[in-house]
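Subject: Structure handover

Hi there,

Here is the model I promised to pass on, with the sequence alongside. Have a look at it first, and my notes follow below.

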Amino acid sequence: MNYGKSGLKKQIHSCSSKSARRKTKAGILTFKAFLTGILALIVLVISSGLGMFRGILNSAPDLNTLDMSPNASATIIYDAEGNEIQTLVMAGSNRQPVEYSEMPANLVNAFIAIEDARFWDHNGVDIKGLTRAVFQGLLSGELDQGASTITQQLIKNVAFDGGMETSFGSKVKRKVQEQYLAIQLEKTMDKEIILQNYLNTINLGANTLGVQAASERYFGKNVSELTLSECAVIAAVTSNPTRYNPITHPEENVKRRDIVLEYMQEQGYISEAEQKEAQADDVYTRIQEVDAARDSESSIYSYFVDETIVQVLSDLQEKAGYSETEARTLLYSGGLRIYTTQDPKLQKIVDEEISSPDNYANSEIRYSFTYRLSVTHPDGTTDNYSENHIRSWLRKQNGGEQVKLIYETEEEIRQIVEEYRATVVSRTDTIPGERLDITLQPQSSCVLMDQATGYILAISGGRGEKTASLSLNRATDTLRQPGSTFKVLTAFAPALDSSGSTLGSVYYDAPYSLDHKDFANWWGDHFVGYANIRDGIVYSMNIIALKALMNTVTPQTGYQYALDFGITSLVESEVNETTGEVFTDIGAPLCLGGITHGVSNLELTGAYAAIANQGIYTEPIYYTRIVDRNGKIIIDNQPETHTVIKESTAWLLTNAMEGVCQYSLLYNHSDIPTSRTETRLDNMPTAAKSGTTTNTNDIWFVGYTPYYTLGVWQGYDENAELTTGPDVRIMWRNIMSRACEGLPAKEFPAMPSNIEEASICHKSGKLAVPGVCDADPAGTMVYTEYFARGTAPTEVCDHHIRVTVCRLSGVLATEFCPEQLRENRIYRTLTDEPAGNTDDNAYLLPESLRNSTCPIHTGYPFPFMTGEDGQTQTGESAPEDNSPPQQQPSSEANPPVPEIPAENPVLPPEENVLPPG
């Protein structure tokens with residue numbers, strides 16, 4: 001068919017239209033499918049987003065389980081007057097929460113102005129601020145551009161550990177949860193409480209958390225005392241605690257502070273005049289002054305704080321049931337308030353007297369040292385050295401002789417260390433660590449306590465600068481030999497309390513050997529013969545103490561009394577793992593203070609406090625209570641108590657130990673004094689006991705007044721001999737007199753009703769015989785002694801005899817000796833003691849009188865006899881049986897008794913009668 005040209009065009013056009021229509025239809029279908037897919041994808045994305053969003057919200061922390069209050073804060077220790085003496089803090093816990101009412105309005109307004117201007121209006125999320133932050137975040141790539149409200153920041157700090165995420169997804173998730181929880185929190189928590197928790201939580205630089213800690217750190221004052229300018233300084237820190245730290249970067253903080261003040265003025269919190277006044281305030285000079293003063297104050301814990309920490313950690317475990325880790329965390333970050341027994345005035349006195357050179361022998365100043373050196377060699381091995389290596393090196397140089405590392409100057413020590421160092425370090429070695437610590441010597445320690453309560457009022461663990469916290473405390477950590485202070489605790493106290501002895505009970509002071517060891521008194525080989533327990537206490541007589549322990553008390557009983565007095569360092573039985581030698585403190589040396597490990601000043605002072613407290617031991621304590629950050633008492637620290645000795649025993653010991661505190665001589669012997677340093681106070685009595693160890697390595701004085709018990713020790717850390725000089729009593733007297741200054745005059749507890757007195761003979765401890773005991777050739781031996789009821793002697797003295805001697809013949813008179821030639825003489829006798837070189841020997845009945853009677857006046861008719869008138873006359877007639885008449889001893893004479901050991905000094909007559917009480 002021939003359509004022609006036009007027909008062909010029509011046919012082609014028709015076919016093209018159909019094809020186009022088909023393509024258009026296909027495109028529309030494709031587009032519809034695409035749109036459907038896009039819509040489906042959008043729905044899917046939205047559904048997934050909603051699901052994801054729901055999942056984020058569902059995984060948010062449970063608001064009900066979150067504690068919005070600060071969860072870690074500093075612990076504060078207070079003294080007995082309520083003064084803060086130490087803050088205990090670990091990283092992340094230097095926080096001291098305060099109530100909203102304590103925060104000044106300017107401080108609250110400063111934070112709101114700079115951090116969350118619409119805080120009082122929003123519901124936890126600031127929509128306007130959020131919109132601005134999102135826009136700025138898109139431009140900068142940073143999400144956090146001031147979008148967080150104060151409520152959100154609080155939640156971030158409490159629930160999200162400050163928001164330390166590193167990935168974008170984690171940040172988004174936290175941000176969503178933070179906003180959600182902020183809205184929920186504001187539904188249940190008052191705005192002021194939110195602000196309070198926020199301001200107690202935030203990081204404000206210089207290791208401070210919360211506004212109170214920052215206020216004290218930067219301005220040295222309570223937060224309630226802050227000025228407007230100071231409030232703005234603190235508010236300026238929070239956005240970047242390092243950059244805006246006003247101590248290290250004042251130039252940056254001042255810029256931020258001015259912005260804070262500007263915002264406060266713009267928001268109507270302050271006037272323009274107040275703004276300019278605050279900007280003109282030279283606040284940064286004050287900050288530097290406070291910082292300088294803080295640096296000048298030692299951040300090292302005091303000895304008292306050291307011991308408080310030790311006791312608190314122990315009690316939190318033993319009394320409150322915490323584990324060791326829990327107790328330590330609670331102590332350093334639990335916001336505890338610990339109220340101690342420290343008396344600041346008494347502590348100051350102790351510190352001053354411990355440091356005074358006048359309280360040491362000849363103002364003695366020496367030095368010791370400790371040394372630590374680590375040397376790494378080229379082969380990678382490391383050797384460690386200490387002062388003991390230096391000691392061995394010096395010993396070899398000195399031919400093997402013992403070496404004490406004590407020197408007169410610090411320069412000597414440094415020179416010796418350098419010389420030794422050169423012997424162990426080569427040029428190819430490296431030194432990873434080296435430390436030299438030089439310590440002032442001799443050292444001392446002091447414990448001052450209230451015997452009635454057990455409160456430690458002041459303590460010092462050493463002389464010189466304290467260079468570390470929780471370091472060596474010589475009052476509690478160091479064990480030293482107690483010397484004669486143990487005589488009272490282990491021999492004399494149990495002798496009086498439970499062994500039937502009295503202060504008047506006598507023992508024979510003479511050469512004494514036990515287990516192949518010879519004992520003597522502290523003054524040497526001079527022995528006085530019979531002496532009593534009172535003498536043993538006042539004049540610190542070794543032999544009397546030994547015989548009281550060994551013959552009356554028994555070492556086991558003495559050991560048990562020491563335990564009851566609170567001494568925990570004694571050894572019942574201990575084996576040296578190296579030598580196999582067995583050590584025990586149950587033996588004769590116990591009463592002389594010769595014990596295996598020694599005793600601490602704290603425990604020795606606590607033991608004497610028990611005597612001062614009428615025989616009741618009270619556990620020494622450093623604090624009275626521990627309160628948690630919510631005000632709940634965790635521990636109400638009541639010291640444990642128990643009775644060690646009877647009230648009457650304590651009174652008798654106190655009465656005897658008063659004699660230690662005043663100068664006197666034993667039986668008038670100038671070589672046996674108490675001490676020329678009297679420790680009596682002007683307005684009250686003192687009772688005490690001294691103690692000195694072999695070679696004067698340790699000297700002690702422990703005693704009490706009606707108010708306080710004080711123990712003082714002096715010695716070298718190296719256990720070297722102290723030189724002669726001021727007595728340790730001087731330090732004791734100086735501390736005690738200052739401590740008691742201004743206190744009302746007071747006496748020791750009144751004499752118990754079961755104490756009675758009797759006139760006894762000093763030499764026998766028995767009832768004195770008038771005309772005999774008071775006529776001793778060395779002076780009267782009669783004095784008044786005190787006894788617990790039922791223990792006073794009932795027998796008369798058997799250590800004196802009275803004999804009648806004929807002055808003409810010089811031997812025992814007969815009945816025929818004229819009255820005017822008869823002379824009564826008093827001599828001492830010995831009972832069952834062996835002979836020895838003592839003072840008593842000089843006053844024994846002479847051998848010439850023991851078996852000899854007057855050969856002149858016999859009753860025989862001699863041509864020359866002396867009559868009653870002294871003239872020669874004819875003798876009387878002899879008896880009819882021509883036997884010599886039997887001698888009739890004078891009714892006043894006692895028969896001779898076995899000879900006893902030697903010496904006997906006597907107290908002067910005016911000292912033979914003890915004053916009442």
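Let me start with an open sheet of three strands, ordered β5-β4-β6 and paired in the antiparallel sense. Strands here are DSSP runs of E with at least two residues, helices are runs of H or I with at least four, and both are numbered from the N terminus; two strands pair if DSSP finds at least two bridges between them. At the edges lie β5 (382-386) and β6 (430-441), each of which pairs on one side only. From one strand to the next, the twist averages 5°. Angles are taken between N-to-C directions and run from 0 to 180 degrees, with axes as lines fitted to C-alpha atoms, for helices over the stretch in contact.

Strand β4 (residues 366-376) and β6 run antiparallel and are joined by 10 bridges. If you want a spot to look at, Phe 369 has Ile 438 in β6 as its bridge partner. Helix α16 (residues 410-424) packs on this sheet and touches β4, β5 and β6, its direction making about 25° with that of β4. Contact means heavy atoms within 4.5 Å.

Before you go further, please keep in mind that this is a predicted model: local features need pLDDT of at least 70, side-chain atom pairs count only at pLDDT 80 or more, and totals for chains, interfaces and linings use all residues. Residues are numbered from 1 along each chain as its sequence is written, and side-chain values use heavy atoms, with hydrogens and water left out.

Strand β3 (residues 337-340) runs antiparallel to β16, with four bridges joining them, and Arg 337 has Val 627 of β16 as its bridge partner. β16 also pairs with β17 (residues 633-636), again antiparallel, over three bridges. There, Arg 625 stands opposite Asp 636 in β17. Five residues separate the two strands of this hairpin, and Gly 631 takes a positive phi near 90°.

Finally, the chain as a whole: there are 24 helices and 27 strands, and 50% of the 917 residues count as buried. Among contacts with a separation of 6 or more, 72% are between residues 24 or more positions apart.

Technical notes
Buried < 20%, exposed > 50% of the residue type's maximum accessible area, 1.4 Å probe, protein only.
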